[in-house]
Amino acid sequence: MNSPPSSCSSALTHSTSSSNTDTPPSPSAAVCRALLLIQSDDLSLKIEAAKEIRRLTKTSQRCRRQLADAVKPLVCMLRVGDDDSVEKESALLALLNLAVKDEKSVLVGSVFIGLLFCYTLIMLETNSNSFGVFANEIHASDGIGVRNKISIVEAGALESIISFLQSQNSILQEYATASLLTLSASTINKPVISACGAIPLLVEILRNGITQAKVDAVMALSNLSTHSDNLDIILKTNPIPSIVSLLKTCKKSSKTAEKCCALIESLVGFDEGRIALTSEEGGILAVIEVLENGSLQSREHAVGALLTLCQSDRCTYREPILREGVIPGLLELTVQGTPKSQSKAQTLLRLLRDTPYPRSELQPDTLENIVCNIISQIDGDEQSGKAKKMLAEMVQVSMEQSLRHLQQRALVCTPTPNDLPISSCTSEVSSK
């Protein structure tokens, strides 16, 4: 049995002793015991250690850093026994927790950054040694999830994890898919995961897996798609019917819908992707439903996908997009979306009108005129009426925003005895 790290030896015998102020805190007795047991030749002790590592790393970034040495023995456990063995499941779950980054810590870190900056200045002025320890802890904690992801792949875990994707054990298959989702968040790991043949297996799980495995598979594919070489491989597996199927059933404001639309937006950049989406029954409608009811990021991906379609071949895709009732959602997006969404929505509206070219001076190329032109082409009273209502609401919101802006400017210009005459303020507002 290998010996645990030297820092653990002192911790096991002096766990209550005070640490040197110039060094990070020593690992706890629980961490050291887990590191000791995971090196054991006794399989039951290794399983106990894996379960303890999983527990310790569930929410603690510090424990993930201190238990990084457990990666290699845990990867070795993946190769032991059959697919129904407890050791494989225990080891995989422990590795999964070692690789993740606690979302709460990310949120707290971003909120706390201003206070940390002030604290830095104070510590530098007072030349405090304790600040060095604090800064080292923050730095080490920040990247540990990424380092562990890379370490797990370098230790050879992918071979076992990918074999689990083909297992008849649905639970092990689900855990393996979740592991690939986590590992694929690392830029360094993306081409390695693809080279191991994971993409076709993930698409197969997206088609036939259990619900949670499908969700994790589409998210893993979305992660992998950001590496340009992987898009071609994903496209060859014909994933769009399965992505659309998941998109139809999931909540449109969910993270799942966001990842589905992100993946669709990337895939419709290719002819095969565009043909697959428009050939799938309800494919465009599913994207439009996200455009109407999704999160801000989801709506940005949805309008991006539709815009890519229309820009690639306006004559082919204009009618299918209009037929599914896209106008109300686009109108709302021009007012309430992100800056990118607003710009894309306005561009798409111009492409969807009767002619994509600018109008004459008698009918200026305003958003209202563009929409009125599109509405006149829409068949069906219900869709046309809804679009007209949305246009009226959009104009109303635009007017209210302009009015609030003018009121704010007027308040800024309200004169006091020491201010300039009112005429100068009037000139400032009117020149806006």
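**Exercise 1. Is Thr334 buried or exposed, and what does its side chain meet?**

*Step 1.* Thr334 has a relative accessible area of 9%, so it is buried (buried means under 20% relative accessible area, exposed over 50%, partly exposed in between, with a 1.4 Å probe and protein chains only). Keep in mind that this is a predicted model, in which local features need pLDDT of at least 70 and side-chain atom pairs count only at pLDDT 80 or more, while totals for chains, interfaces and linings use all residues. Residues are numbered from 1 along each chain as its sequence is written, and side-chain values use heavy atoms, with hydrogens and water left out.

*Step 2.* Thr334 is found in helix α21 (helices are DSSP runs of H or I with at least four residues, strands are runs of E with at least two, and both are numbered from the N terminus).

*Step 3.* A polar atom of the Thr334 side chain lies 2.5 Å from the backbone oxygen of Leu331.

*Step 4.* Now widen the view to helix α21 (residues 327-336), which is mostly covered, with 8 of its 10 residues buried. Among them are Pro328, Gly329 and Leu333.

**Exercise 2. Work out the surroundings of Arg274.**

*Step 1.* Look for Arg274 in helix α17 (residues 271-279).

*Step 2.* Its relative accessibility is 10%, and therefore Arg274 counts as buried.

*Step 3.* Follow the side chain: one of its polar atoms lies 2.8 Å from the backbone oxygen of Val268.

*Step 4.* Leaving aside neighbours within four places in sequence, Arg274 is in contact with Leu267, Val268, Gly269, Leu309, Ser312 and Tyr317 (contact means heavy atoms within 4.5 Å).

**Exercise 3. Which residues does Ile162 touch?**

*Step 1.* Start in helix α9 (residues 157-165), where Ile162 is found. With a relative accessible area of 7%, Ile162 is buried.

*Step 2.* Not counting residues up to four places away in sequence, Ile162 touches Ile193, Cys196, Ala198 and Leu201.

*Step 3.* Then check a C-alpha distance: Ile162 and Ala176 are 14 residues apart along the chain, and their C-alpha atoms are separated by 7.2 Å.

**Exercise 4. Describe the largest cavity.**

*Step 1.* The structure holds 1 cavity of 30 Å³ or more (a cavity is a set of points, on a 1 Å grid over the protein atoms alone, where a 1.4 Å probe fits but cannot get out; lining residues have an atom within 4 Å of a point).

*Step 2.* The volume of the largest cavity is about 40 Å³ (a volume is the space filled by probe spheres set on the points, which are joined across faces, edges and corners).

*Step 3.* Its lining includes Leu92, Ile152, Ser179 and Thr182. Helices α6 (86-99) and α10 (170-183) each supply at least two lining residues, and the largest share, 4 residues, comes from α6.

*Step 4.* Sort the lining by class: 7 nonpolar, 2 polar and no charged residues (Ala, Val, Leu, Ile, Met, Phe, Trp, Tyr, Cys and Pro count as nonpolar, Asp, Glu, Lys and Arg as charged, and the others, Gly among them, as polar).

Notes:
A polar contact is a pair of N or O atoms within 3.5 Å; within protein, one must be able to donate a hydrogen and the other to accept it, and residues adjacent in sequence count only if both atoms are side-chain atoms. On a 1 Å grid over the protein atoms alone, a cavity is a set of points where a 1.4 Å probe fits but cannot get out, and a pocket is an open set with protein on both sides within 12 Å along at least five of seven lines; lining residues have an atom within 4 Å of a point.
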